[in-house]
Each structure stands twice: as structure tokens, then as C-alpha cells.
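Visitor: I would like to learn how to read charged side chains in a structure. Please take me through it one feature at a time.

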Amino acid sequence: VVYPTITEKVSENVADLDLGKLPSDLANAGRIPLVCDAISRLKKDVGDEVAIGAWALGPYTLAGQLCDIGDLAKKAYKQKDMVGSVLDAMVDAIVKICGIYKDAGADYITVREMGAGPDILSPRMFKSLVVPQLKKVFAAIDSPNNLHICGDTNMIVEMMAECGADSISVEQKNDMVETRKKLGPDVCILGNVDPYGIVVAGTPADVENAVKESIENGVNAVWPGCDIFPTAPRENMLALMS
């Protein structure tokens, strides 16, 4: 089970992407109306009780959905300016989509740049190529908002905090104690309960212990490290919420 993804790449090579202009009526393009309908229904049903969130992919990760991620990584090193222009187009789309989701009723937005973490890009490349694009996104979208990156992000958490998001979120591979030491008390950090090993495969007691550990290690709010699978047992979800 994975998040909805593009089944066929627009282009194998990033240089061959013909992005053109964004649709003039982006709110009615592709899956966006479906997402907006889901947000609106949630807002109507439980919006007075809980915050409704929505998410969009980050510029680099979104570009990796449109073309071969391996070619994108190679060109990021060899043709940085060309890749940068592609990411600029991604920023424009992300900002507009986030605005559409806000208008539909989303209380907060998470930008998920999981394709640009240290497991894929070096910290140096993240700093020079990805951080400037994320700064553009967060400067243009409404608060509250959050930046999420998967993997062991200890090497880049300081750069994540510089991107301008109201909070950052990290997963279970992140050493939360070390991250809190690096960022100090003022950065809002969400994390970092294992969404599969604990929430899906564990017991309610495991969930409770993981939540307590995350809090003790320094998170400001408990947050799953990544997607929670639909197969998560109800009792584990109740333990996570309570």
C-alpha cells in the first residue's frame, strides 16, 4: 500500500520535461477535486473537533514523480541550473495546490520532501539545490505548515529548520535526542513514532511506550514517522490518539 503515485513517467529524462504552463483551472485538474472533496467532507464531519491536514510533495520529490528519479539525481549534480529551473516550476504548482487545499478547508499543510533526504541526496546538494526551493514554498503558503522528510535526517535538521516552515517532522530513523540538542528548545519538532513497526505491527502497549519515548526525547507533538497503513489495528490507533 503506497500513496497515490504517477504510474507512468511523463519523461524518462529530466531534460525532456515539457512543463509548459500550469492549467488555468488547477482546482479542477487531475485528482485535486477528489482531495478537496475529502477535505471538505472531513471539515464538515469533524472539523469542529480536530484539525484537518492536507499534504503536497516537495519540489524535488514531485519532480522525481514526473521523470526517472535516477536521472534527476544525476542531473542535479551535472546540470544544476537546468534542474533548478524544473524545481522552480514545481514550486509554482505546489504553492497553488496548497492554496486550493486551504480553500477547501485544510487547517494545516505538510510539504513532504521525502525524496530529497540524506538517503538520496548529499547534505551539500540538499543545501544548494533543495533548501532554496523549500524556502520559496514556505514563504508563499499560509500558516500553519510543516516540513516532513523521511530517513535519518540528523545531518540536515538544521537546514530543515531554516526552510521557513512552522514545524518540521522526522521519522523513527532520526535520533530525536540529537536533533533536539542541535535545534534547541525553540524549533517545533513533530515525531517520531514508527508507523508500521509500532502502529501496525505492535500492540497498544507498544504504541503507548513509543509515544512516551518520543515525548521524553524532545518532540513538541507526537506525529507518525510516515504514512500510517490502512491495516493499522483500531486499538493501536486509539492508543496513539489517547
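Guide: This is a predicted model. Start with Asp 71, which counts as buried because its relative accessible area is 9%, under the 20% cut-off.

Visitor: Which side chain does Asp 71 meet in a salt bridge?

Guide: The general idea is that side chains of opposite charge can pair when their charged atoms come close. Here the partner of Asp 71 is Lys 75, with 2.7 Å from N to O. Lys 75 is at 18% relative accessibility and therefore counts as buried.

Visitor: How many salt bridges does a search of the whole structure find?

Guide: The search finds 6 salt bridges. One of them joins Glu 208 to Lys 212 at 3.1 Å, N to O.

Visitor: What does the salt bridge between Asp 227 and Arg 112 tie together?

Guide: The side chains of Asp 227 and Arg 112 meet at 3.0 Å, N to O. Asp 227 is in the loop between β6 (221–224) and α9 (234–241), and Arg 112 is in strand β2 (residues 108–112), so this pair ties together parts that are 115 residues apart in sequence. Arg 112 is buried, with a relative accessible area of 6%, whereas Asp 227 counts as partly exposed at 30%.

Visitor: Now a charge without a salt bridge. Is Glu 171 buried or exposed?

Guide: Glu 171 is buried and has no salt bridge. The nearest side chain of opposite charge is that of Lys 173, 5.1 Å away, and a salt bridge needs the nitrogen and oxygen within 4 Å. Glu 171 is found in the loop between β4 (167–169) and α7 (176–183).

Visitor: Which backbone nitrogens does the side chain of Glu 171 reach?

Guide: The side chain of Glu 171 reaches the backbone nitrogen of Gly 151 at 2.7 Å and that of Lys 173 at 3.2 Å.

Visitor: Where do Asp 119 and Glu 158 gather with other residues?

Guide: They belong to a patch of negative charge on the surface, along with Asp 152, Glu 162, Asp 175 and Glu 178. Glu 158 lies in helix α6 (residues 157–161) and counts as partly exposed because its relative accessibility is 40%.

Methods:
Residues numbered from 1 in each chain as written. Predicted model: local features only at pLDDT ≥ 70, side-chain atom pairs only at ≥ 80, totals over all residues. Heavy atoms only, no water. Patch = residues over 30% accessible without salt bridge, like charges linked within 9 Å, V, L, I, M, F, W, Y side chains within 5 Å. Areas by Shrake-Rupley, 256 points an atom, 1.4 Å probe, with all protein chains shown as cover. Lys, Arg positive; Asp, Glu negative; His and termini not counted. Charge placed at Lys NZ, Arg CZ, Asp CG, Glu CD. Helix = DSSP H or I, 4+ residues; strand = E, 2+ residues; numbered from the N terminus. Buried < 20%, exposed > 50% of the residue type's maximum accessible area, 1.4 Å probe, protein only. Polar contact = N/O pair within 3.5 Å; in protein donor to acceptor, adjacent residues only side chain to side chain.
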